[in-house]
Amino acid sequence: MIQMESVEKVYRTDRIETIALSDISLSIAKGEFVSIMGPSGCGKSTLLNIMGLLDRPSKGRVKLNGQDVGGSGDRALASARNKSIGFIFQSFHLIPDLSVIDNVEIPLLYRSVSASERKRRAAAALDRVGLSARKQHFPSQLSGGQQQRVAVARALVGTPDLLLADEPTGNLDSHTGEEVMSLLTSLSKDDGSTVVMVTHDAGMASRTQRTIRLFDGRQVH
């Protein structure tokens, strides 16, 4: 599903060179639920951004579904993100002026999908996360846990091969965090989705099949 070979990410300014990732080599299989852990500033979000084709490595190779994406242009990467990858963030990033179902539809606006099919898929995604009754509500009318479930539905609506979750329970209380974690586990176990989750919570990480640990931009084995 994902292969990285000797990946390095360096940020440079006129005076400073910061190595965010160094010599990262890993492989994540289809259907795996993997967590990424490490202290703040160790490169977790940078690694997730490279997996999600939001950023390019300075060195090394990245393959998604067996395809080397290193030579792809920005348009091809954007298309691959839209078709193959769903994103879930700690901050829900819902548009407050849109209803729940309209928020969930957003990834489909960039595809050749009719309005009626968009509604059908969005409704099915909301049903998957248990929010069918809330589809005409607005984000401000939902609890934090419900908003995160809307964000999960939005990530799912395009049936992506890969779900990337950056601290998805970080802004939630323990009960609603457990609900979201159970949903992600179900997506991996029952739906065969590949899920990669950044977390600071060792308890949440223990629920995944494998944990990748980073320290100062390097893998810790």
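Tutor: Start with a term. A helix here is a DSSP run of H or I, at least four residues, numbered from the N terminus. The model is predicted.

Student: How many residues does helix 4 have, and what should they span?

Tutor: Helix 4 covers residues 115-128, which is 14 residues.

Student: How do I read the faces of a helix?

Tutor: An α-helix has 3.6 residues a turn, so residues three or four places apart point the same way. In helix 4, the buried residues are Arg118, Ala122, Ala125 and Leu126. Viewed down the axis, the buried residues fall within an arc of 100°, so they line one face. Ser116 and Asp127 are exposed, on the face turned away from the buried side.

Student: What covers the buried residues of helix 4?

Tutor: The cover includes helix 3 (100-105) and helix 5 (144-156).

Student: Now the sheet. What is the strand order?

Tutor: Strands of a sheet pair through backbone hydrogen bonds, either parallel or antiparallel. This open sheet has six strands, ordered 6-7-8-3-9-10, with mixed pairing. Strand 6 (85-89) and strand 10 (218-220) are at the edges; each has a single partner, so one side of each lacks a neighbour in the sheet. The twist averages 25° from one strand to the next.

Student: Which way do strand 3 and strand 8 run?

Tutor: They run parallel, joined by four bridges. Ile36 stands opposite Val198 in strand 8.

How values were computed:
Residues are numbered from 1 along each chain as its sequence is written. This is a predicted model: local features need pLDDT of at least 70, side-chain atom pairs count only at pLDDT 80 or more; totals for chains, interfaces and linings use all residues. Side-chain values use heavy atoms; hydrogens and water are left out. Helices (H or I, at least four residues) and strands (E, at least two) are DSSP runs, numbered from the N terminus. The expected span of a helix is 1.5 Å times one less than its number of residues. Buried means under 20% relative accessible area, exposed over 50%, partly exposed in between (1.4 Å probe, protein chains only). The arc is that of the directions from the helix axis to the C-beta atoms. Contact means heavy atoms within 4.5 Å. Two strands pair if DSSP finds at least two bridges between them. Axes are lines fitted to C-alpha atoms, for helices over the stretch in contact, and angles run from 0 to 180 degrees between N-to-C directions.
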